[in-house]
Amino acid sequence: MKYLVLGFLGAVLLKCWLDQRLNLLLHSNFHSLVLIAGLVLLMIAITGFCSAKVSNKATKIWPLIVLSLTAMGLWIWPPKPSLSTLAANRSGAQLGQSELSFLSPPEQRSLTDWVRLLNSQPDPNLYAGDPVQVSGFVLDVPGKPPEIARLLVRCCLADATPVGLAVRWPKTKSSKGWPKPDQWLQIKGVMAVENHQGSLRSVLVAKQIKAIAAPTRPLEP
């Protein structure tokens, strides 16, 4: 039975690699390791079946059952993590100046590019009036308007850290008019300056907001 379980685990890893669900869990640099692990498990299972001899030794069945149920759960129920909930419980990413790129026009900078730029040169007056076109998921901020955000990963979802931009949303009668957490949006607007807790900061004034499908690879390196 142990070879059957190993073969099933290998098949689950290969399925995760084929249907791209790994994009929700793991940095793309490590996808090939999952593929190799799946192939190795299948090879071990096939070799074990071919060379197996009848044995009267008792085999502990519960570990095999737990592994089988875990693999079955991964096969049937693809992961659907809430990026907003995850980001709300993580500290913001520390982005170094070495990662900055100032060559792109403002409207071609990604959300992560903007966050890196603002961290490096925080004077909001430098960017006032610059056009912005970014996409990301809606990050709920308790007691404040939601931000537009992305998750950065070095390895997997376990070490994911959020980067976000403050947004000045179109005026509504109440906070119920704000977009819902985890919703993916493309926002076009301009950078402006606002007073925030006694100091000036940059804020994205949203002019056009478009709901979009979540990207195939929602996690960024």
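Me: A salt bridge is a side-chain nitrogen of Lys or Arg within 4 Å of a carboxyl oxygen of Asp or Glu. How many salt bridges does this rule give?

Reply: Two. First, the ground rules. This is a predicted model, where local features need pLDDT of at least 70, side-chain atom pairs count only at pLDDT 80 or more, and totals for chains, interfaces and linings use all residues. Residues are numbered from 1 along each chain as its sequence is written, and side-chain values use heavy atoms, with hydrogens and water left out.

Me: Which side chain does arginine 168 meet in a salt bridge?

Reply: Glutamate 194, at 3.7 Å from N to O. Arginine 168 sits in strand 4 (residues 167–168) and glutamate 194 in strand 5 (residues 184–196), so the pair ties together parts 26 residues apart in sequence. Helices (H or I, at least four residues) and strands (E, at least two) are DSSP runs, numbered from the N terminus.

Me: Which residues are linked in the network of salt bridges?

Reply: Arg168, Glu194 and Arg201. The side chain of arginine 201 meets glutamate 194 at 2.8 Å, N to O.

Me: Is glutamate 194 buried or exposed?

Reply: Read the relative accessible area: under 20% is buried, over 50% exposed, and in between partly exposed (1.4 Å probe, protein chains only). Glutamate 194 has 19%, so it counts as buried. Arginine 168 is partly exposed at 37%. Arginine 201 is partly exposed too, at 27%. Across the protein, buried residues make up 36% of the 221 residues.

Me: What pattern does the protein follow along the sequence?

Reply: It reads α-α-α-α-α-β-β-β-β-β-β-β. That comes to five helices and seven strands.

Me: How do I read helix 1? What is its reach from first C-alpha to last?

Reply: Compare the reach with the expected span, 1.5 Å times one less than the number of residues. Helix 1 (residues 2–18) has 17 residues and reaches 24 Å, close to the 24 Å expected. Its buried residues are Val5, Gly7, Leu9, Gly10, Val12, Leu14 and Cys16. Glutamine 20 follows helix 1 and has a positive phi, near 65°.

Me: Now the sheet pairing. In which sense do strand 1 and strand 2 pair?

Reply: Two strands pair if DSSP finds at least two bridges between them. Strand 1 and strand 2 are antiparallel, over four bridges. Leucine 139 has glutamate 147 of strand 2 as its bridge partner. The two strands form a hairpin with two residues between them, and glycine 143 in the turn has a positive phi of about 75°.

Me: Which residue stands opposite lysine 210 in strand 6?

Reply: Glutamine 186. Glutamine 186 is also the bridge partner, in strand 5, of serine 135. Strand 1 and strand 5 pair antiparallel over seven bridges. Twelve bridges join strand 5 to strand 6 (residues 199–211), again antiparallel. Strand 5 and strand 6 form a hairpin with two residues between them; glutamine 197 in its turn has a positive phi of about 55°.

Me: What joins strand 2 to strand 7?

Reply: Two bridges join them, and strand 7 (residues 219–220) runs parallel to strand 2. Leucine 152 stands opposite glutamate 220 there. Strand 2 pairs with strand 3 in the antiparallel sense, over five bridges. In that pairing, leucine 151 stands opposite proline 162.

Me: Which residues have the most contacts inside the largest nonpolar core?

Reply: A nonpolar core is a set of buried Ala, Val, Leu, Ile, Met, Phe, Trp, Tyr and Cys residues joined through side-chain atoms within 4.5 Å. The largest has 20 residues, and Trp114, Ile148, Leu165 and Ile187 make the most contacts inside it. Helix 5, strand 1, strand 2 (144–152), strand 3 (161–165), strand 5 and strand 6 each supply at least two residues. Helix 5 gives the most, with five.

Me: What lies over the face of tryptophan 114?

Reply: Arginine 109, at 4.8 Å from the ring centre. The rule asks for NZ of Lys or CZ of Arg within 6 Å of the ring centre and within 35 degrees of the ring normal.
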